[in-house]
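Dear colleague,

Please find below the structure that I promised to hand over, followed by my notes on what was found in it.

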Amino acid sequence: MDRVPVLEEPLKKVLGPATAKVMAEHLDLHTVGDLLHHYPRRYAERGELTALSDLPLDEHVTVVAQVASARILKFNNGRGQRLEVTITDGSGQLQLVFFGRGIHKPHKDLLPGTRAMFAGKVSAFNRKLQLAHPAYELLRGEGADAAVDSWAGALIPIYPATAKLESWKIAKAVDAVLPSAQEAVDPLPRSLRAGRGLVTLPEALLKIHRPHSKTDIDEAKARLKWDEAFVLQVALARRRHADLQLPAVARVPQPGGLLDAFDAKLPFTLTEGQQKVSKEIFDDLATEHPMHRLLQGEVGSGKTMVALRAMLAVVDAGGQAAMLAPTEVLAQQHHRSVTEMMGELAEGGMLGGAEQATKVVLLTGSMGAAARRQALLDLVTGEAGIVIGTHALIEDKVQFHDLGLVVVDEQHRFGVEQRDALRSKGKQPPHLLVMTATPIPRTVAMTVFGDLETSVLDQLPAGRSPIATHVVPAADKPHFLARAWERVREEVENGHQGYVVCPRIGDDLDEKASAKKKSAEDEAEKRPPLAVVEVAEQLTAGPLAGLRVEILHGRMAPEDKDDVMRRFAAGAVDVLVATTVIEVGVNVPNATAMVIMDADRFGVSQLHQLRGRVGRGSAPGLCLLVTEMPEASPARGRLAAVASTLDGFELSRIDLEQRREGDVLGQAQSGVRSSLRVLAVIDDEEVIAEAREEAVEIVRKDPELTHYPELRTALDALVDKDREEFLEKG
């Protein structure tokens, strides 16, 4: 009875300890099932040559190509020799080099006209791409050589491989375990599979690894995409269902209380979007199970206002609200803007405080002992209705009187564990509102944050100005950069202020030491990113001489950071040279110009976030993206995309298409390897949406999946323990 299911059989039993060890260490494959789910990255056709023209530098690649020429060259006064082989595939050429004693066998094998598969790490020598000592497998069709025969199929699978394990060795290992695919437990309910015309799981595994035609590949992928989307959506649907069973205190604001008093003194009316999203939140807060809501809003769409009104509603209902911010600069900024917006309503227990007032406290790691003690006391007694803080809020010492709502700002900056630690401070699970200014495409929201209901703020409040964005190609057109600095001066002369953003701080000694070791050629090829400290010096001595220029970065003492931000907000600083520490939440309506140096070193969404710091007042904003990248490069394409639209959702799609899915789903969210192998979050929008509907329906009828034992098994396998916990805490 205790027989290990075939797919859970350890690879070392099937393939031997040496191969199994490499697979475990380099590809994280441990069982027969793991290897069956290690799908080919692409397929080379025997009659077709794969593209050599766009090989990625520093990556392990497998190419199918034909030998064009081979020659032995001597060096070191004839003492050393190397074999240079040029291969071609019609799209380009690639050089292979072999040294020393390693040249004899390839010299015999790789004769002009020979076709083979080559695998190795792409490097550059004399500005040309090459593979040094690649492994190779000849593709001669004749003879009884078994190794060659295994490649006689019409489509050659090319697997994600490593230096220690080439694609064709993985293919041979797959051959050894492929018969076990018949034992694969099929997680899709039969009715769902039949209704959508999907092949069985054993058939899909067979077709993805050993296809006879492109139709086989399409059928296999269609089926395997459904597995991934559906099992993940079932996990999320079960999470949501379990949350609905948790108890929470309903928080209904008192008429004539703090929220009403706050609304009455607002100098403007809320946008339609803000009113709609507030209603969704208030409806959630009024229920007796915890709210789990994701609030997405473009930079400057008024998310903070919506969150503040939710916090005031909870305080009205006798609870406390905590806002978690990713940096001290942002926590201080939020604290300042919340107390300013609330005025005397934030002065609970103080002279001059309004009758309905509460106390708003700040809690960060760098506070003095006395201020910290007082803040902790205000929280535990319930004197403070609202607390705004950094990770310091999560520490064990921090106790609440009655925590009713947790607001997490810029959720992607926090690990799930940190959110969970804060939520565990409530007597019962508190309501949770997660905010992000990084727009997330709908399918990613459904996949990554599938256990959160989503609200979107897509209107900008009245009074926000448009932002013009331009790319400044500093290398091709240096006079454009000179003009950029003139534009900053003009903005300052017109009474406004500006930001200059750099990718690096630049005051650390180790960077200078490592820079010295580089040759002049390296320096030109790959200079270090521009740094705040150096750029600020150059600007004050050069194009911005005479202006009040200050710096801001994450390694400054917190009081210095706060001092610089206060003076910048008060207009006592003309230009702030900063790192991305200003990326979120910094609100200075008088700042109208931003110059982003080495803009190609930032992601698309990050550039969009940064740009949102200008144009926050009545004057239009200007954002200049400075780059030295050549015009045809992908980096310039990204910058052009940012310059062409202010629609964050459109940009987030571009961003996602350029990064790997795993960044979005795996490490970025949970530190766990992404379980998505064939599902593409952007392209497979339809599959994900349909899988979600099916999953919700099944979980509604049978939350324990009693009637779906195979699905239950697949859930345990695909959603491994770490990921299950991650979903639970999410």
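**A covered helix, and the overall picture**

Helix H22 (residues 604–611) is mostly covered, with seven of its eight residues buried, where buried means under 20% relative accessible area, exposed means over 50%, and partly exposed lies in between (1.4 Å probe, protein chains only). The buried residues of H22 are Val 604, Ser 605, Leu 607, His 608, Gln 609, Leu 610 and Arg 611. Helices (H or I, at least four residues) and strands (E, at least two) are DSSP runs, numbered from the N terminus.

Before you go further, please note that this is a predicted model, in which local features need pLDDT of at least 70 and side-chain atom pairs count only at pLDDT 80 or more, while totals for chains, interfaces and linings use all residues. Residues are numbered from 1 along each chain as its sequence is written, and side-chain values use heavy atoms, with hydrogens and water left out.

There are 29 helices and 21 strands in the protein, and buried residues make up 52% of its 730 residues. Of the contacts with a separation of 6 or more, 74% are between residues 24 or more positions apart, a contact being heavy atoms within 4.5 Å. The accessible surface comes to about 32,700 Å², of which 52% belongs to carbon and sulfur atoms; accessible areas come from the Shrake-Rupley method with a 1.4 Å probe, and for residues only the protein chains shown count as cover.

In H11, the buried residues are Gly 273, Gln 274, Val 277, Ser 278, Ile 281, Phe 282, Asp 284 and Leu 285. These residues lie on the same side of H11 because they cover an arc of only 160° around the axis, the arc being that of the directions from the helix axis to the C-beta atoms. Glu 272 and Lys 279, on the other side of H11, are exposed.

What do the buried residues of H11 pack against? They pack against helix H10 (258–264), strand E9 (292–297), helix H12 (303–316), strand E13 (403–409), strand E14 (431–436) and strand E15 (453–457).

Of these elements, E9 has six of its six residues buried, so it is largely enclosed by the rest of the structure. Both of its faces are covered, with His 292, Leu 294 and Gln 296 buried on one side and Arg 293, Leu 295 and Gly 297 buried on the other. In a regular strand the side chains alternate between the two faces of the sheet. E9 pairs with E14 in the parallel sense over five bridges, where two strands pair if DSSP finds at least two bridges between them, and His 292 has Leu 432 as its bridge partner in E14. E9 also pairs with E15 in the parallel sense over five bridges, and there the bridge partner of Arg 293 is Glu 453.

**Aromatic pairs**

A search of the whole structure finds five aromatic pairs; rings of Phe, Tyr and Trp (its six-membered ring) pair if their centres lie within 6.5 Å, and planes under 30 degrees apart count as stacked, over 60 as edge-to-face and the rest as tilted. Phe 118 is buried at a relative accessible area of 0%, and Tyr 136 is buried at 18%.

Trp 226 and Phe 230 also form a tilted pair, at 6.5 Å centre to centre and with 40° between the planes. These two residues are four apart in helix H9 (residues 214–245), so about one helical turn separates them, and both Trp 226 and Phe 230 are buried.

**Two further close approaches of the chain**

Met 117 is in strand E5 and is buried, with a relative accessible area of 0%. The C-alpha atoms of Met 117 and Val 64 are separated by 4.5 Å, although the residues are 53 apart along the chain. Glu 347 lies in the loop between helix H13 (328–342) and strand E11 (359–363), and counts as partly exposed at 28% relative accessibility. The C-alpha atoms of Glu 347 and Lys 359, twelve residues apart along the chain, are separated by 5.5 Å.

With best wishes
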